[in-house]
Amino acid sequence: MNGPAPNHGRLSGTQGTRLFTAEELREYAVAFSPPIEDRASAAQPVLAGRGQGFERLRFPLRTGKQTIGRRGDNDIVLDDPSVSASHAWLINQQGHYVIMNTLSTNGVFVNGKRVHEAILRHGDRVRLGQAEFVFLTREGGVGWLGRLAWLGTGMVLLGALAALGWWLL
């Protein structure tokens, strides 16, 4: 049999090219994308996706200006109908990242507040249309408060050992 391969009811191109829906392409992209090893740091911040459909997305940010939008010529492409073709700019200004709305239909929100322009800080929640991200300048784990708690626990244990040693002598 020399005909085109079965394609589960979908039309094929003249060379047997299989056609996919946008949702199928999104699922394939997520399933077959290589794991991203980029770790966030102050020198290399990351926009990390949140919520259904975005949780596996991570975009390392670079110096200069990056464009964000649905159109394929953006630096960060978000294939979501709630994201405008040219939705926002991310600009590194003297070591600070600024997000700027470029007259998008559904707006830019930082920590739940609609903004035209905002300086991003570690942990800020950024929403473009329905696409949600977190701005990271360091990876999760034990922060300074966690270390302080460990230090306090260590001091208590040290005090208890000292009291026990004094009592035994």
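Which side chain does the side chain of Asp-73 meet in a salt bridge?

Analyst: The side chain of Asp-73 meets that of Arg-71 in a salt bridge, at 2.7 Å from N to O. A salt bridge here is a side-chain nitrogen of Lys or Arg within 4 Å of a carboxyl oxygen of Asp or Glu. The model is predicted, so local features need pLDDT of at least 70 and side-chain atom pairs count only at pLDDT 80 or more, while totals for chains, interfaces and linings use all residues. Residues are numbered from 1 along each chain as its sequence is written, and side-chain values use heavy atoms, with hydrogens and water left out.

The two partners can also be described by accessibility. Buried means under 20% relative accessible area, exposed means over 50%, and partly exposed lies in between (1.4 Å probe, protein chains only). Asp-73 has a relative accessible area of 56% and is therefore exposed. Arg-71, at 41%, counts as partly exposed.

The salt-bridge rule gives a count of two. The other pair is Asp-75 and Arg-62, whose side chains meet at 3.4 Å, N to O. This pair links distant parts of the chain, 13 residues apart: Asp-75 lies in the loop between β3 (65-69) and β4, and Arg-62 in the loop between β2 and β3. Strands are DSSP runs of E with at least two residues, and helices are runs of H or I with at least four, numbered from the N terminus. Asp-75 is partly exposed at 38% relative accessible area, and Arg-62 is partly exposed at 40%.

Two strands pair if DSSP finds at least two bridges between them. β3 and β4 are in an open sheet of five strands, ordered β4-β3-β5-β6-β9, with mixed pairing. β4 (76-77) and β9 (117-119) each have a single partner strand, so they stand at the edges and one side of each is left without a neighbour in the sheet. Within this sheet, β5 (residues 88-93) and β6 (residues 96-101) run antiparallel and are joined by six bridges. Gln-93 stands opposite His-96 in β6.

β2 belongs to an open sheet of six strands, in the order β2-β1-β11-β10-β7-β8, with antiparallel pairing. Its edges are β2 (58-60) and β8 (113-115), each with a single partner strand, so one side of each has no neighbour in the sheet. Three bridges join β2 to β1 (residues 46-50), and the two run antiparallel. Across this pairing, Ala-48 stands opposite Arg-58 in β2.
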